[in-house]
Amino acid sequence: MKRAFDVIVIGAGASGLAAAKELEHNGIESVCILEGSDRVGGRIKTIDTPSGGFIDIGAQWIHGQKDNYLHDFAAPLGLVGERVSVDGEGDFYTDKHELLNESLVSEVLGVLSSFKKDAENISGSDNAIPESMGHYLKERFNDYLYPLVNRTPKEKKIMEAIFHWDNRWVRIDNACDSLNNLSVTRWGDFLPCKGHYNMNPNINYCKELVETPSGHYKRHDGSYPVFLKCKNGRVYECNHVIVTCSLGYLKKNKDSLFHPRLPPTVDKAIENVGFGVIDKIFLEFEKPFWGPDFTGCHLVWTGNEIPDFNRNKPDTKLINGNVLHDKCVFLLRKFTGQNIPEPIRIFRSKWGTDELFLGSYSHRSISSDPSEKEGDPIQILNQPIYAKVNTKQRFPIVVFAGEANSAKYFSTVHGALSNGRSQASHYINRMKNTESMSLTSKL
């Protein structure tokens with residue numbers, strides 16, 4: 001039995017739910033959401049702990065207040081907590097369990113912050129553009145560090161170690177394998193929402209609601225231009241599909257997922273936009289070993305060979321939980337010099353090996369830089385794939401949506417939500433135009 005709908009949304013994550021809500025808001029009620037897992041939320045995933053709490057192993061924060069669709073939705077409902085997390089807050093320890101001087105850390109991080117601010121406008125400057133964000137930061141920092149005459153060789157070594165710590169932080173924040181793959185020309189694309197940043201919800205970020213099958217979809221020549229075949233054998237027909245699968249899933253499965261295959265420009269855009277992994281590790285202790293004023297600790301390597309932790313994807317393996325537990329405790333003890341107690345539990349995310357996601361979120365890689373030959377991959381991903389109705393008309397049958405598509409808010413939940421809404425407008429506007437043309441012809 002075939003099930004027919006006007007619109008089918010693939011994926012019940014933030015973008016898919018926002019798209020479906022926008023369609024409903026505009027009077028399109030024949031909508032079906034297909035989800036491949038047994039939960040709603042996508043890369044928002046809250047789990048309950050045996051001790052009665054909960055943790056978010058996916059998206060966790062509301063980034064900013066002004067022009068933030070997520071905040072606008074959550075605040076009136078009282079869902080935004082008062083606690084705000086601060087990036088880089090806390091004590092900095094070296095691998096020789098030395099607590100670093102706060103003023104020295106602030107100096108280096110302040111200088112690096114100014115370099116990143118300068119990079120936001122680098123694409124519009126007349127100067128030669130560095131190859132990548134990694135090359136840019138290294139060159140700027142070397143130009144700053146080496147001429148210093150009021151710093152001892154030991155202090156310069158520490159400052160260099162703090163620089164490498166910050167590099168790893170930027171890599172984590174952008175979910176990229178190397179800063180040498182991160183675009184410097186698109187560094188200014190991301191637009192932080194003003195107001196409190198990294199706000200924590202005061203309830204579970206996402207409550208699991210439904211179970212719905214998912215699958216592959218293909219075109220045919222029946223009454224509906226698109227049909228979708230799920231892995232459980234169910235077949236769906238529709239006029240329009242909104243695809244909100246993660247970019248990681250699309251990169252791996254796009255060749256088998258679509259028939260006919262995607263247009264070459266879309267295929268290339270999916271390949272060119274960066275997508276990487278950031279995972280979380282939670283250690284639960286029987287009781288706090290830290291004081292009431294503790295805000296965090298950061299690990300700064302100072303050895304002769306400072307590890308850069310560049311990942312080689314083919315060699316990446318999922319570490320056994322027991323080994324991970326031991327390594328985390330070892331590092332905490334090594335850097336702080338304290339006898340850290342054994343955790344009673346460990347929780348961890350596995351976004352890189354989850355076949356429905358294959359990563360955490362997107363970044364602007366150097367391959368995503370716009371070019372005269374291939375255009376702007378972000379713009380391409382936001383354009384519908386059309387079917388010809390006749391020689392003069394065409395109809396949008398497939399669009400992509402998600403955080404990776406967001407021009408200004410990529411890598412965030414509010415970016416996924418806003419892009420889901422805007423991508424739904426392709427079908428909404430087309431149907432409004434169709435109704436207008438039909439009314440004109442009747443008159």
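Lys 138 and Asp 143 are exposed on one side of helix α4. Exposed means over 50% relative accessible area, buried means under 20%, and partly exposed lies in between (1.4 Å probe, protein chains only). This is a predicted model, where local features need pLDDT of at least 70, side-chain atom pairs count only at pLDDT 80 or more, and totals for chains, interfaces and linings use all residues. Residues are numbered from 1 along each chain as its sequence is written, and side-chain values use heavy atoms, without hydrogens and water.

**Helix α4**

The buried residues of α4 are Met 133, Gly 134, Tyr 136, Leu 137, Phe 141, Tyr 144 and Leu 145. They cover an arc of only 160 degrees around the axis, so they sit on the same side of α4. The arc is taken from the directions from the helix axis to the C-beta atoms. These buried residues pack against α3 (102-119) and α5 (153-174). Helices (H or I, at least four residues) and strands (E, at least two) are DSSP runs, numbered from the N terminus.

Ser 132 caps the N-terminal end of α4, with a side-chain oxygen 3.3 Å from the backbone nitrogen of Gly 134.

| Residue | Relative accessible area | State |
|---|---|---|
| Asn 339 | 70% | exposed |
| Ser 360 | 7% | buried |

Asn 339 is in the loop between α8 (321-336) and β14 (345-348). Asn 339 and Phe 289 are 50 residues apart in sequence, yet their C-alpha atoms are 9.5 Å apart in space.

Ser 360 lies in the loop between β14 and β15 (361-363). The side chain of Ser 360 reaches the backbone oxygen of Ile 278 at 2.7 Å.

Key
Contact means heavy atoms within 4.5 Å. A polar contact is a pair of N or O atoms within 3.5 Å; within protein, one must be able to donate a hydrogen and the other to accept it, and residues adjacent in sequence count only if both atoms are side-chain atoms.
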